[in-house]
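Q: Please take a close look at a single part of this model and describe its packing in one connected account.

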Amino acid sequence: MGAVAGSFLAGILSTNYGRKTLLTGSQVVAAVFSVLSAFSQSIWQFLVLRAVLAASMELSTSMAQVYTVEMSPRNSRALVSTGTVAFWSLGSFTAAALSYLLLESAGWRVVLLVVSFAVVMCAVCICFQHESPFYDVARDKLVETQKTLDFISKYNKTDKLPGFLVRHEDVEDPSSFKLSDIPRDRIFVIDTAILQLATLAVFLTFGFTGWALPRIVSEGYCIDNFKKHFEEAKCHAYSADTLLSLTIGTLGEIFGCLIFYAMMETIGRLLTMRTGCIAATVTTVSFLMCGGAVKLTIDIFLMRLMNSGLFTTYLLYINEYYPTHLRAMVNSFSYGIGRTFTLTVIIPSFFLSMSQMWMLILYILIVDIIVTVLIFFLRKETKGLNLV
């Protein structure tokens, strides 16, 4: 629920206060609450702190997508967008691996403090980043825009920014700024690296709090009626089979990012989405059919591959398609819808037996078909960032 709330709030906060402000604030909140989680004295304290951590995680990762797209050149934008999703997967997988290797021996408090340190360091680094020039221009903050562009020009060791009016005093219409032509090859690498590491750190911390939950309950921080359920969950959570399943899923997501990145660069964003939607629907149909363990593993791998690749392509498409004053709003709304859909899948799964899971897969298939039909109504390919 915290993640859903953070997703929907990101666009409103970013539009009113700026990309960098939201990134810095959310990362600082994530750092503070991840550290506080390590000192929880009850399960309810831990869950409340984790909910705030989830909200800050969504605020940070949602705006990281918008910020990196706006700060990166066109020829690197697809790579940056897919890289962000890949780092989500790496962060979640690293959390599971640390839980399997260290949770029993080192204790959840110690490990949580260690992983929280990574979030703190990323929060410090983000404080030194510049505001997106797209946001400043859209808000008529030409002086701030000029400072950012002067810094980029100096850092890239260029005296001239092609297709760009250097002095803001000579500009009457902010839309005359051609920000898509700024040579940001060096500066965007640093900004992107910081945000990718921040994404990994936040997902690592949030993921670890999830894996630590059964251990916290087993230490007595819970109502007795819930203990048996969480004791059973703990037996499965730290098993080698669980880690193997997560490894397969993570590899699927990373391969999905790579494959869809190559497709976006080859056939474009729109055709990639259409192809991916059809392939995702076919994969879900295959998942409904009976089969052995090998087929089930392949289906899970393909579903994770399609989901990560499609989500990456869709986010890049809307971030390039919509103008600056709508970009963050649409991006955060998409995150919120995605998180809400995830909840509608996860919550029923706790109440369904294995023999009833086909109903959940059928629900996913219906959503896949609806999304595929809607995607085919899109007609316009993106050419770059819309400014105004």
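A: Axes here are lines fitted to C-alpha atoms, for helices over the stretch in contact, and angles between N-to-C directions run from 0 to 180 degrees; helices are DSSP runs (H or I, at least four residues) numbered from the N terminus. The model is predicted, so that local features need pLDDT of at least 70 and side-chain atom pairs pLDDT 80 or more, while totals for chains, interfaces and linings use all residues. Residues are numbered from 1 along each chain as its sequence is written, and side-chain values use heavy atoms, without hydrogens or water.

In the contact (heavy atoms within 4.5 Å), H1 contributes residues including Gly6, Ala10 and Leu13, and H3 residues including Ala55, Leu59 and Met63. By class, this contact has 9 nonpolar, 5 polar and 1 charged residues, with Ala, Val, Leu, Ile, Met, Phe, Trp, Tyr, Cys and Pro counted as nonpolar, Asp, Glu, Lys and Arg as charged, and the others, Gly among them, as polar.

H1 (residues 2-17) also meets helix H13 (residues 324-349), where the axes come within 8 Å and cross at roughly 175°, which means that H1 is roughly antiparallel to H13. Among the residues that meet there are Val4, Phe8 and Ile12 of H1 and Met329, Phe333 and Arg339 of H13, and the contact divides into 11 nonpolar, 8 polar and 1 charged residues.

Notes
Helices (H or I, at least four residues) and strands (E, at least two) are DSSP runs, numbered from the N terminus. Angles under 35 degrees count as roughly parallel, over 145 as roughly antiparallel, 65 to 115 as roughly perpendicular and the rest as oblique.
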